[in-house]
Amino acid sequence: DTLVHIFIPTKKVRLAKSDITVVVKSRHLRIELSSEETGTSQFQMDKPLQKLVVPDECNWQLDEGGLYLHVELAKKDTSSEGEHWKRVWDGHAQTMAPSAEERKQIKDMARDALRAEAEEGPQVLDASQEEKLKRWKELLPGVNVEWGDTSTDSVQSHREDALGCMDSASM
């Protein structure tokens with residue numbers, strides 16, 4: 001991805017473009033939201049960025065009728081090593097956003113899981129499960145109801161499998 005997206009809510013006050021100051025430099029971002037309506041500053045951030053951006057390719061806009069400021073920062077380094085930003089501003093908390101490599105690993109795991117599920121064939125239900133499924137289908141006509149394992153044991157097992165794959169891939 002070549003852009004970093006920042007969304008800032010305006011605390012339920014509709015802002016106009018004249019209420020917003022955005023100054024982008026190659027390694028610095030200043031954002032100020034102040035409402036003429038209330039006469040107060042809604043948000044202010046003036047800090048160095050974690051990585052370099054291309055100021056002439058950065059943009060901002062108001063979304064949802066002025067309830068959100070959406071800032072797009074154009075990354076200077078879009079190589080696979082440099083594209084992932086752990087944080088926007090120096091000193092801020094690290095994001096949970098996966099890197100390009102982690103997104104690829106997740107896609108590969110999902111594809112492999114679907115392939116394995118297809119090879120296993122359809123799940124065989126016991127009589128109790130068949131009865132429950134029949135009742136749900138009767139209660140929800142026109143809705144596609146199928147049986148699936150949503151137990152916490154199943155979720156935990158899949159989570160551990162995924163984390164194990166990600167740990168071994170990052171070594």
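**Figure 1. Leu 29 and its bridge partner in strand β4.** Leu 29 has Lys 47, in β4, as its bridge partner. The view comes from a predicted model. Strand β3 spans residues 28-35, and eight bridges join this strand to β4. The two strands, β3 and β4, run antiparallel to each other.

**Figure 2. The open sheet formed by three strands.** Which strands make up the open sheet, and in what order? The order is β2-β3-β4, and the pairing is antiparallel. Strand β2 covers residues 20-25 and strand β4 covers residues 40-48; both stand at the edges of the sheet. Each of these edge strands has a single partner strand, so one side of each is left without a neighbour in the sheet. From one strand to the next, the twist averages 0°.

Figure 3. The protein chain contains three helices and six strands. Read along the sequence, these elements follow the pattern β-β-β-β-β-β-α-α-α.

Figure 4. What percentage of the residues in the protein chain is buried? Of the 171 residues, 24% are buried. Among contacts in the protein chain between residues at least 6 apart in sequence, 53% join residues that are at least 24 apart.

Terms used. Residues numbered from 1 in each chain as written. Predicted model: local features only at pLDDT ≥ 70, side-chain atom pairs only at ≥ 80, totals over all residues. Heavy atoms only, no water. Pairing = 2+ DSSP bridges. Helix = DSSP H or I, 4+ residues; strand = E, 2+ residues; numbered from the N terminus. Axes fitted to C-alpha atoms, helices over the stretch in contact; angles between N-to-C directions. Buried < 20%, exposed > 50% of the residue type's maximum accessible area, 1.4 Å probe, protein only. Contact = heavy atoms within 4.5 Å.
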